[in-house]
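My notes follow in the order I checked things.

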Amino acid sequence: MTQYTYGGSPAAVLQDTAGNVVPDFEVLVYRAGTDELVTALYEVDGTTPISELRSNDNLSQTPGAIRSFKAADVTAIEYAYNGPGGSPVRWYEAARELAQEASSAAAGALSKADGGTVTGGTTFEGGLSVEAGLDVTGGATVDGLDVQGDLDVSGTFTPQNLQLSGMRIYNPRVYGALGNGTGNDAPFINAALSAAYAAGGGWVIVPSGTYMIGEILRIFSNTRLTLMPGAEFRRNYAGTMLLNGTSDQDLGGYTGHGNILIEGGLWNMRGTTSGLTASAMCVSIGHARNVTISDILIKDVSGYHAIELNSTKNATIERCKFLGYVDPGGRDFSEAVQVDLAKSSGVFGGFGPYDNTVCEDVTIRDCYVGASGTAGTTAWPRGIGSHSATVDVAHRRIKIEGNTFEGCLQYGVVAYAYNDSTIAGNTMKGCGAGIRCRSIISADAADSTNTSGVVTNASQVMENLTIDRNVIVDCSGFDDPILLFGETTGRITGVTITGNVVDGADDGENGIRLYYTSDYTVTGNTVRNTGGTAISQEQVIGGVVGPNRVYAPAGSGISCDTGTGINITANQVRDAGVNGVHVIGGSDIQVQTNYIKGASRAAAGSWGIRCSTSADGLLITGNKVRKYGSGNEVAAGIGITSTCTNVKRHGNDLLDTGLDDQSTGNEPSPFDAAGALELLVRPSGRYETTSRLRSGTTSTPTSQTLYLVPIWLPQGLVVSNISFVSGGTAMVTPTNWWFTLHNRSRVALARTADQLTAAWAANTVKTLAIAQATAGAASSYTTTYGGLHYLGVMIKATTVPSLVSEGSVADVLASVSPGFGGTDTGQTTPPTVTAGAFTAGAFGAGSGILLHGYTS
C-alpha cells in the first residue's frame, strides 16, 4: 500500500461559491474523475485512521482549512461537500508526492548508481528525498525536503519549513518578516508560530535582526521559539508582546496551550516611548503546563510584568534578565515575574476561564532583576512575587533560587499565599527590603473572597516555607529584610529560616521579623547593622531561635512579644543598641545559653536580658552577659519586672553586670548574682546557704532557739544530709541539738535525729543524716520545686558553739518577709515533721545570722 499526502496547503480551504470560508464541515474524498469514494484516510503519521474528515473550526488559526492527511493508493483526489442549495461542490488536488516522482523520472539521465550534479536552480514543490546526501551550488527552493545523508548548500537554501529527524523548523523571514527595524513583523512571526502549531508542533527560529512588533504574538502548544543572538523584538503598539493562546479560548485548569519553550533575544517593551507608556505585559502565560522561559532579556516594561505565569503548572524561568520599569501611575507594586491565579480579567486579561487555578511546581532561578539605565525608568518595585489571592486555594511548590535583585524599590521576593515553597540562595542588594511572606490579607475584600464568591473577611493558613542562604544587604528601609506576616485567621506555620545573611536595614526596620507565625526555626543566620531589632517576634507560637549571630542592631538583639512556647537558645548578641534579649509578655519562654556582650549601646540603662509586661513561666538559664567596657552600659545583666511571674532562673554568668529580678512566684538561684568565681569554688553537688568566700566570721546562736538560714535548692534535689561548721568555740554540755529543712513558708520538710549529748568540737564540720521527712521515717527528702528553702539549726547547751557565718543583721531587717534568723524559742527535742506537722514561727526571735550551711 502506497500512501500519498494531501491538504495542509493554502489552496486546501473549504469555501462556498461566493468565496466564503466554511469551517467545521464534513468533507468527502473521491478518486479524481470518478465517483469512487476514498475511505482509507490516515493522519500524517500514516497509521492513525481518520473516521471523518472535517474543515478546521473557528478556534483554529486557519478556519476552514483541510489539515494534512494521507490516502492509500490514490495519486489525485477531488474534495466534495454539499454546497448552497444542496449542490455538490468539488475541487481537484494532486498528491504532493507526484512532483517528486516526476522529477525522479525526468532525471533518468543521472546515474542512479553514480549520482550526479544539478547546477541550475531547481524547485521541488512536491518534496525531495535524498538518501546519500545533497550538494546544491545554485540554490534550491523546496516545499518539503527529506535528506538521510549530508546536506551541503553553498548557495541559498530557502525552505518554507525544514524537518530534521522529525523536528519541524520555521523561519519567520520566509513568511515575510524583515527584521530591519521597520514596519510590522508580528504577522509574519505569527504565521510561523501558527504553521508550527498546525503541524502539531515545531521550532520557530528567529535570526538576528530588529523585529517590530505591532500586534500581539500568539504561541501555541508544542512550540519552541528561539531568538538567535542579536535578535530583538521591539514593541511598537500599546499591548502585550506575547500570549499563549487566543482571547476567545475557554481552556480551564492546566489544559491550555502548553509544552512551550521560549528562549533568547532582547524583548524591548520601550515603556518610555510615546504611545507605549500605558501598562502592558511582555510575556503572558496562562492555563498552561510544561513551560520553560530561558536566557531572555526583557527591558523597560511599563506598569505590568515582564513575565506573568498565571494558572501554570510545571514551569521554569531561568537565566533571564529583567531590566528597567516605568510606573504609569498607581503601579508601584509590580513584580518583574508574577506568579498569579486565574481570578478575574482584572488579574489576567489574556483569556479565561476565571476558575481560580493557581500555579504549582514553578522554579525561577539564576535570573537578574535591576535597572536598565534608560532615562525615565527605575529598577523594578518587586523582583518576583504575587499580589492577588483567593481563599481556599494557594500556590504550591514555588522555588525561587539563585537569583540576584539589585535596587528593587520594595522587595526582592513577595510570597503571597504560597505553600510548600522555597526561597533560597538569592542575593538582594540595595533594595527597599528583601523577602516578604504574607498570608491572605483579610481586610482586602477581593483577596478574602473564597472560590464560591463569598467575601469571608478572613485570611487562611500559609504553610511550609524555607528561607535559606539568602544574602540581603543595604536595605533602604521600605520594610524588614526578611518578613513573615500572618494574621489571627491565617498564621504562617512550618517555617525554616536558616543560613541567611542580613547586613544593613535603615529607618528602624528589623532584620528578621515574624508576626503571627507558628512552629518555626530561625537558626544559623547572621544579622548585622539593622535599624531596629535584629530578630523580632510577635504573636508567635512554638518557635526555636538559635543559634544565630547578631551584631550592632540599633534596637534589641532578639525580642519576643506575646510569644508562647518559644526557645531562644545559644545566640551570640554583640553591641545591641537596647537589650540583648527582650521578652515582652507571653508565656513559657526559654532564654538559655546565650552570649550577650555590650548591650545598651544606644543609651545607658537597658539590660542584657530583659523580661517585662507580665511574662509568665520563664526559664532563664546558662546565659553569659558581659559589659561593653566603656561608654553606655546595661543597668543589669538580667532585669525582670515585678509583673513577671513563675520565673525559673539559674546558672547564669553575669560577672559584674548585676541582677535586677523583681518578679513574683519565681524560683531564682543566688548563683546568678554571685559571679563566676563563687560558682567555680562551690563543690560539685553541694548547695550552700552562702559561699565560703564570704564566710569569714562566726556567729553564735542563742540556746534553745531554732534558727532558719535561707538556701536556694533546685527542684528534684535529693537531700540526704545537712551540714554546719563550728568556729573557734566548742560546744559544752549539750542536751539537745538537731538540724532541719524547711520550705519557703517555713513548713518543716525533713529533720535529723536529736544528737542529745554528742560533742561538737571547735572548727569542725557536723554532717547529720536525715531521719524523718514529711512522709515519715526517711533517710532523704526530694525537693518539689526550685527556689527558696531554709536550713534550720537548734542547739541546747551550757555553751553554744560559734558557727561559721557571713555575719548577722538586726532583726528589724532580718524579719522582713521572706526573712531569716531566729524563730521558735524554748526548743528541746526535734519536732515531728510527718505530713508537714511543724511550721517554724515568725522571724524576729533572734538576730538574723547568716550561717554557712549546705546540703549533700
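I started with glutamate 360 and arginine 397, which form a salt bridge with the closest N and O atoms 3.4 Å apart. The model is predicted. Glutamate 360 lies in strand S28 and arginine 397 in strand S31 (residues 395–401), so this pair ties together parts 37 residues apart in sequence. I then looked up accessibility: glutamate 360 is buried at 17% relative accessible area, while arginine 397 is partly exposed at 32%.

Next I checked glutamate 318, which forms a salt bridge with arginine 365 at 3.0 Å between the closest N and O atoms. This pair links strand S25 (residues 307–318), which holds glutamate 318, to strand S28 (residues 360–365), which holds arginine 365, across 47 residues. I noted glutamate 318 as buried, with a relative accessible area of 13%, and arginine 365 as partly exposed at 31%.

I also traced a network: Asp295, Glu318, Arg319 and Arg365 are joined by salt bridges that share partners.

Glutamate 263 is in strand S21 (residues 260–263) and arginine 224 in strand S18 (residues 223–227), so parts 39 residues apart in sequence are tied together. Glutamate 263 counts as buried at 13% relative accessibility; arginine 224 counts as partly exposed at 29%.

Last, I took down the totals. I found 24 salt bridges in the whole structure. The protein chain has five helices and 76 strands, and 52% of its 856 residues are buried.

Key:
Residues numbered from 1 in each chain as written. Predicted model: local features only at pLDDT ≥ 70, side-chain atom pairs only at ≥ 80, totals over all residues. Heavy atoms only, no water. Helix = DSSP H or I, 4+ residues; strand = E, 2+ residues; numbered from the N terminus. Buried < 20%, exposed > 50% of the residue type's maximum accessible area, 1.4 Å probe, protein only. Salt bridge = Lys/Arg side-chain N within 4 Å of Asp/Glu carboxyl O.
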